[in-house]
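Please look over the model shown here before reading the notes on it.

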Amino acid sequence: MNLAILTSGGDAPGMNAAIRAFVRRGLAAGHNVWGIPRGFEGLVHGTPVPLTAASVANILMTGGTMLRTSRFHAFYEPTVRVHALESIQRWHLDGLAVIGGNGSLSGAYTLSQEGLPVIGIPASIDNDIAETDYSIGFDTAMNNIVASIDKIRDTASAHERIFVVEVMGNRCGTLAIASGLACGAEAIIIPERPTDWDAVISQLRATYARGKRHSFIIVAEGAGEAPSVALDIEQRTGQEAKWVVLGHTQRGGPPSALDRIRAALFAAHAVDLLTSGNHGVLTGWKNGGVHVAGLADVVKGRTEPPLPWQDLAEILAR
Ligand code: F6P
């Protein structure tokens, strides 16, 4: 078979580990494996490159994606997608794996409805994809946030400051909640739940009254702007508040061991499914193992953030 792979949307650490696993498992099964550079844009305007075992050497431990990626909004247009289908026929592709988040998986689903054998592999630091408990990149991003906050804590404590830390998540609070729980944040502000600001301010006052020398408020992207949150807190508590937007530092760097392992399992299973003629599905994670779900169900919504973890984090910070 001629199998192809592409990475699409925001890169996530572990995408390279997934490419490597897809290529090497595919070659081991006797297939030719092709890489499509720059995501769906490459499917419409680009040229596939043959991938060998050697071409994916030394990428396991790197972030980003060797195939590069793009946010190609034109792919929603049927008149544009027609060119993708033409490319697939011209290149004699028998199967395609799409590694990416919600937008990319909707593209994959549409292609599968149009008759292409497609498998989705979940990869997004947001961990907000339906039908899977895990998406590649989440663990690394969470650890990147924790490492940054651990550094900020030293200076926050030295100056007895409050820090407002804005993290990514694309209007989903999961990354904020998980990293807030891991860092002992006083409050976690997410788009999915209204914030009781009076309670946050009382908590901060109580924190300083009992002698704590620093406090952290984690704000999920889409739930507020760090500078205005910090200004408001400073005015209401009388305590100096600084802010930091971690931005794309969260998405870079070597993938964690967990991300490498899950990437390998998801991608190898994607090859096995394509080999046996199964497609139109996602190779995700549930109940401690690889879980296959229909792309039709994946595109219906997004996963809810773990709200009980948010409650627990706030209790533990008291
Ligand atoms: O989906 C991953 C993500 O990092 C989101 O958390 C964020 O909203 C978005 O991508 C940022 O995208 P870009 O890198 O295109 O600015």
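This is a predicted model: local features need pLDDT of at least 70, side-chain atom pairs count only at pLDDT 80 or more; totals for chains, interfaces and linings use all residues.

Residues are numbered from 1 along each chain as its sequence is written, and side-chain values use heavy atoms, with hydrogens and water left out.

**Strand E6**

- Strand E6 covers residues 162–167; helices (H or I, at least four residues) and strands (E, at least two) are DSSP runs, numbered from the N terminus.
- Because 6 of its 6 residues are buried, E6 is largely enclosed by the rest of the structure; buried means under 20% relative accessible area, exposed over 50% and partly exposed in between, with a 1.4 Å probe and protein chains only.
- In a regular strand, side chains alternate between the two faces of the sheet.
- In E6, Ile-162, Val-164 and Glu-166 point one way, Phe-163, Val-165 and Val-167 point the other way, and all are buried.
- E6 pairs in the parallel sense with strand E8 (residues 215–220) over 6 bridges; two strands pair if DSSP finds at least two bridges between them.
- E6 also runs parallel to strand E9 (residues 241–245), with 5 bridges joining them.
- The bridge partner of Phe-163 is Phe-216 in E8, and in E9 it is Lys-242.

**Thr-132**

- Thr-132 sits in the loop between strand E5 (118–122) and helix H5 (138–159), and is buried at a relative accessible area of 3%.
- Not counting residues up to four places away in sequence, Thr-132 touches Pro-122, Leu-282, Gly-284, Trp-285, Lys-286 and Thr-303; contact means heavy atoms within 4.5 Å.
- The side chain of Thr-132 reaches the backbone nitrogen of Trp-285 at 2.8 Å.
- A polar atom of the Thr-132 side chain also lies 2.8 Å from the backbone oxygen of Tyr-134.

**Asn-16**

- Asn-16 belongs to helix H1 (residues 15–28) and counts as buried at 2% relative accessibility.
- Neighbours within four places in sequence left aside, Asn-16 is in contact with Ile-59, Thr-62, Gly-63, Gly-64, Thr-65 and Met-66.

**Surface patch**

- Ile-261, Leu-265, Val-290 and Val-292 form a nonpolar patch on the surface, with about 290 Å² of accessible area together; accessible areas come from the Shrake-Rupley method with a 1.4 Å probe, and for residues only the protein chains shown count as cover.
- Patches are made of residues with over 30% relative accessible area and no salt bridge, like charges being joined within 9 Å and nonpolar side chains (Val, Leu, Ile, Met, Phe, Trp, Tyr) within 5 Å; a salt bridge is a side-chain nitrogen of Lys or Arg within 4 Å of a carboxyl oxygen of Asp or Glu.

How values were computed
A polar contact is a pair of N or O atoms within 3.5 Å; within protein, one must be able to donate a hydrogen and the other to accept it, and residues adjacent in sequence count only if both atoms are side-chain atoms.
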